[in-house]
Amino acid sequence: MRTVTKRDLNQHTAVVLAQVTETADVVVTERGTPRWRVSAVQGVSSALARLEREGLYEPAAEAPTPWPSHPGGPAYTSAEADALLAEQRGAH
């Protein structure tokens with residue numbers, strides 16, 4: 001993001017506006033403090049499009065990540081699972 005002073009914008013408006021693109025904004029400062037942002041108009045822009053342009057949002061992939069063929073974690077036999085459940089329930 002390019003930064004220019006208020007005076008530069010006043011003196012060289014056409015040059016500064018030529019630096020504004022769909023992906024690059026220009027910040028105008030006054031006495032060293034950022035005060036305004038000049039950005040290109042892109043028709044009807046949604047909030048998500050603006051966030052994506054600013055690099056703050058990344059849309060989801062078109063194809064979801066496949067499930068793993070062998071999920072991690074221990075594998076229990078039926079008898080081991082029954083023993084764990086009995087232990088959880090306690091001796092009632």
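Two strands pair if DSSP finds at least two bridges between them, and helices (H or I, at least four residues) and strands (E, at least two) are DSSP runs numbered from the N terminus. With that noted, here is what I looked up.

**Ground rules.** I am working with a predicted model, in which local features need pLDDT of at least 70, side-chain atom pairs count only at pLDDT 80 or more, and totals for chains, interfaces and linings use all residues. I number residues from 1 along each chain as its sequence is written, and side-chain values use heavy atoms, with hydrogens and water left out.

I started with strand β2 (residues 26-30) and strand β3 (residues 33-38), which pair in the antiparallel sense over five bridges. Which residue of β3 is the bridge partner of Val28? I found Trp36 there. One entry to flag is Arg31, in the loop between β2 and β3: its phi is positive, about 55 degrees, although Arg31 is not a glycine. Most residues other than glycine have a negative phi. Arg31 is exposed, at a relative accessible area of 85%. My cut-offs: buried is under 20% relative accessible area, exposed is over 50%, and partly exposed is in between (1.4 Å probe, protein chains only).

**Thr29.** Leaving out residues up to four places away in sequence, Thr29 touches Thr3, Val4, Thr5, Lys6, Pro34 and Arg35; contact here means heavy atoms within 4.5 Å.

**The core.** Next I looked up the largest nonpolar core, whose five residues are Val4, Val16, Val20, Val26 and Val28. Such a core is a set of buried Ala, Val, Leu, Ile, Met, Phe, Trp, Tyr and Cys residues joined through side-chain atoms within 4.5 Å. For Val26, setting aside neighbours within four places in sequence, I listed contacts with Arg2, Val4, Val16, Gln19, Val20, Trp36, Arg37 and Val38.

**Asp8.** I then moved to helix α1 (residues 6-11), where Asp8 is found. Asp8 counts as partly exposed, at 32% relative accessibility. Beyond residues up to four places away in sequence, Asp8 touches Thr13 and Val16. I also checked Asp8 against Pro59: they are 51 residues apart in sequence and 37 Å apart in space, C-alpha to C-alpha.

**Helix α4.** Last entry: α4 (residues 78-89) has 12 residues and reaches 17 Å from its first C-alpha to its last, close to the 16 Å expected. That expected span is 1.5 Å times one less than the number of residues. Gly90 follows α4 and has a positive phi, near 85 degrees.
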